[in-house]
Amino acid sequence: MKEDVYILAIESSCDETAAAVVKNGREVLSNVISSQIDIHTLYGGVVPEIASRKHTERINQVIEQALEEAGMTLEEMTAIAVTYGPGLVGALLVGVAEAKAIAFATGKPLVGVHHIEGHIAANFIEHPELEPPFLCLVVSGGHTHLVRVKDYGVFEILGRTRDDAAGEAFDKVARAIGLGYPGGPKIDRKAKEGNPLAITFPRAKVADNAYDFSFSGLKSAVLNYLNHAKMMGEEVNDADLAASFQHAVVEVLVSHAMEGVKEYGADKLAIAGGVASNTALRARLEEECQKRGVAFYRPSPILCTDNAAMIGAAAYYEYEKGVRHGWDLNAIPNLKLGER
Amino acid sequence: MLILGIESASLTASVALLQDGRQLAEYTIDYKKTHSQTLLPMIHEICRMTETVPAQIDAIAISAGPGSFTGLRIGSATAKGLGLALQKPLISVPTVGAMAYQCYGSRYLLCPIMDARRSQVYTGIYEFAEDGTFVTVMDQTPMAIEELLEKVNAMGRTVLFLGDGVPPYAARIRELAAVKVQFAPSFMARQRAGAVAALGQVYYEAGRYESAADHRPEYLRQSGAERMKDRQ
């Protein structure tokens, strides 16, 4: 019988310090996340230097808690996994240096993981039946990708954002209407009180690749709308604005995903990343998938946000393929999906 | 007792093994490659060369700062990861102090200077007493070179400068100095993990060590965003 594989995974690419223990890529034994959101809220967004300092202060406690909650010792781990990109370089470096030192001291293999591969792999945790190939829409504060997952760790990027990530647009619009940081959940909540068809915002098409996204025009349209209303002394209904903005983002994401489903004859669509928690996006994709008889997979919100369980899930398939990193593993802030 | 010394506060990457007061190995690179790529391979190499397995390490002496924020964190996270895995304590050694400590027995005032940007150096003033005791005359701090020279001029003694702040500031130091100044030769002019481990041993014997979880770098400066906020 095959031996069980236990992976201690570490994630520190942005503003969450996280560690998890994952068994055989699919079973989460612990998933500890120490969020820094309170401090970054004071600055209206993530401050890289503060994020890096907080990671350094919290990382050992988070790892120790992950082992304790799993009821396991470091000695019992098969391998150590860590996110090495993409992300904030200073933040990534903390996790990378920590993971390398732990792997070195214990003589365990080291597996570096791509952050977005982690987000995609979050789907494996809650959907044991999900296997590649499938289509995945990755939407977060830093990324917007439509990806064909051809096999474990094998990706074809169909479309990516040309400018702002979807989550970034949420943050900027939320700031403009005074909702504050983080924008995603705040707009989602506000939009529930508003009419999504109240204001028509543009949906940008990218000429040379129908799958690529562009959100900066939409963001500017919202800001222009606000400025215009201010100049004319008109009252703006924040709820209608939030709902209409969100509607515009969601419709672009859904139409691109459905285009991909059609062209590639996909029978499975998954979503991943922080914006995958958005209730309107989940509802619309569910609806459209149902219409087409496509199975729709989405992780729980706790696995959509940055976490280490997803890194452990992705690392398992890399480990099984024989991927091992050396003691010179570096953080790569702009690491491309599918690159090693 | 086996102490691993780690130094990555500035451009210099350095690691050392100190066993019962004997320096088994030291590996120092003063080159532009990032510490993330050099530090752990260097630790691996000195362990391999001295047939040391990590489990034999009793404590990790880490050059805690000040210095490059990123450099400090790579060293700190490396030390914390080792401490966590080996369940061994960390000894937090002031970076500027450890630089001065490598000039053991000098009769001069010892004044390491690290380029801290923003027209400042990280510096401190140290001396060795007659009985060999290492004395901190002025604790490490960020400071303008002019202010530092005022301080050493007032002390009326020969000062030995060392550190990566010497090349950019040597001319200014000569210009402002009212006392005799010396500049350290290359082998003692940069941070060295051997000195970090040796000073770490002194601290350890005095009970000055901490858990790996509790350790954090000594930046001696706020982040840019915090400075801006305080100014508002």
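View 1. A word on the labels: residues are numbered from 1 along each chain as its sequence is written, and chains are lettered from A and ligands numbered from 1 in the order in which they are written. As this is a predicted model, local features need pLDDT of at least 70 and side-chain atom pairs count only at pLDDT 80 or more, while totals for chains, interfaces and linings use all residues.

**View 2. Where the domains of chain A touch.** Domain 1 of chain A puts 13 residues into the contact and domain 2 of chain A puts in 20 residues (in contact means C-beta atoms, placed from the backbone, within 7 Å). On the domain 1 side, helix 1 (37–41), helix 4 (115–126) and helix 11 (309–320) of chain A each give two or more residues. Helices here are DSSP runs (H or I, at least four residues), numbered from the N terminus. The largest share of that side, four residues, belongs to helix 4 of chain A. By class, the domain 1 side has five nonpolar, six polar and two charged residues (Ala, Val, Leu, Ile, Met, Phe, Trp, Tyr, Cys and Pro count as nonpolar, Asp, Glu, Lys and Arg as charged, and the others, Gly among them, as polar).

**View 3. Helix 4 of chain A, tucked in.** Eleven of the twelve residues of helix 4 of chain A are buried, so this helix is largely enclosed by the rest of the structure. Buried means that 20 or more other C-beta atoms, placed from the backbone, lie within 10 Å of a residue's own. Among the buried residues are His115(A), Glu117(A), His119(A) and Phe124(A).

**View 4. Helix 5 meets helix 6 in chain A.** The axes of helix 5 (residues 166–176) and helix 6 (residues 183–191) of chain A come within 8 Å and cross at roughly 65°. Helix 5 of chain A is therefore roughly perpendicular to helix 6 of chain A (65 to 115 degrees; axes are lines fitted to C-alpha atoms over the stretch in contact, with angles from 0 to 180 degrees between N-to-C directions). Phe170(A) and Val173(A) are among the contact residues from helix 5, and Lys186(A) and Ile187(A) among those from helix 6.

**View 5. Chain B against chain A.** Here 27 residues of chain B are in contact with 31 residues of chain A. Helix 2 of chain B supplies the largest share of the chain B side, 13 residues.

Methods. Parallel < 35°, antiparallel > 145°, perpendicular 65-115°, else oblique. Contact = placed C-beta atoms within 7 Å.
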